[in-house]
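Colleague: I've got this one open. Walk me through it, starting with your terms.

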Amino acid sequence: MAARLVVCTTCRASEDAPLDAGGRAGGQALLDEVLAAASTEPGNVRVQGQACLWACSSFCTVYLSEPGKPAYLAARFSPTPEAGRDILAFARLYAASENGAVAYRDWPEGMKGHFIARLPPDR
């Protein structure tokens, strides 16, 4: 089974800016970066966009889940290629794990400090 990575497409681009330099919502720009990273090699993560994850006090929010594993909500990313690659790299580690736990030492640098919540698994 593949993990599901959902990127909020309506999030603002930063604390102060609703749009990125190209005029896209920050979340849409981040989704584009994650999809670009995913296109370079197939993997065990299904990436999708969704309007509003209700984490509006943050920006550029993502949700990661897989049945039987805890889910994660993370935010405050910049919509950059680096962020897209780091988010996808963490999602792939999560998907490859037996129980959804990824050792901190293995976290991509760009994921550190971005987690909002760890949610109980669906059973």
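Modeller: Buried means under 20% relative accessible area, exposed over 50%, and partly exposed in between, with a 1.4 Å probe and protein chains only. The model is predicted: local features need pLDDT of at least 70, side-chain atom pairs count only at pLDDT 80 or more, and totals for chains, interfaces and linings use all residues. Numbering runs from 1 along each chain as its sequence is written, and side-chain values use heavy atoms, with hydrogens and water left out.

Colleague: OK. Is alanine 29 buried or exposed?

Modeller: Buried, because its relative accessible area is 0%. Alanine 29 belongs to helix α1. Helices here are DSSP runs (H or I, at least four residues), strands likewise (E, at least two), numbered from the N terminus.

Colleague: What does alanine 29 touch, leaving aside neighbours within four places?

Modeller: Asp20, Arg24 and Pro79. Contact means heavy atoms within 4.5 Å. There is also a C-alpha separation of 8.8 Å between alanine 29 and cysteine 60, which are 31 residues apart along the chain.

Colleague: Now the helices. How do α1 and α2 cross?

Modeller: The axes of α1 (residues 26-39) and α2 (residues 81-96) come within 8 Å, crossing at roughly 60°. That makes the two helices oblique to each other. Angles under 35 degrees are roughly parallel, over 145 roughly antiparallel, 65 to 115 roughly perpendicular, and the rest oblique. Axes are lines fitted to C-alpha atoms, for helices over the stretch in contact, with angles from 0 to 180 degrees between N-to-C directions.

Colleague: Which residues make that contact?

Modeller: From α1, Leu30, Glu33, Val34, Ala37 and Ala38. From α2, Pro81, Ala83, Gly84, Arg85, Ile87, Leu88 and Arg92.

Colleague: Switching to aromatics. How many pairs?

Modeller: Seven. Rings of Phe, Tyr and Trp (its six-membered ring) pair if their centres lie within 6.5 Å; planes under 30 degrees apart are stacked, over 60 edge-to-face, the rest tilted. Take tyrosine 72 and phenylalanine 90: centres 6.2 Å apart, planes at 90°, so edge-to-face. The pair links distant parts of the chain, with tyrosine 72 in strand β4 (residues 71-74) and phenylalanine 90 in α2, 18 residues apart.

Colleague: Are those two buried or exposed?

Modeller: Tyrosine 72 is buried at 12% relative accessible area. Phenylalanine 90 is buried too, at 3%.

Colleague: What about phenylalanine 90 and tryptophan 107?

Modeller: Edge-to-face, because the centres are 5.9 Å apart and the planes are at 90°. Tryptophan 107 is in the loop between α2 and β5 (115-119) and phenylalanine 90 is in α2, so the pair ties together parts 17 residues apart in sequence. Ring pairs join Tyr72, Phe90, Tyr94, Tyr104, Trp107 and Phe115 into a cluster.

Colleague: Last one. Where is serine 65, and what does it touch?

Modeller: Serine 65 is in strand β3 (residues 62-65). Its relative accessible area is 12%, so serine 65 is buried. Not counting residues up to four places away in sequence, serine 65 touches Ala3, Arg4, Ala71 and Tyr94.
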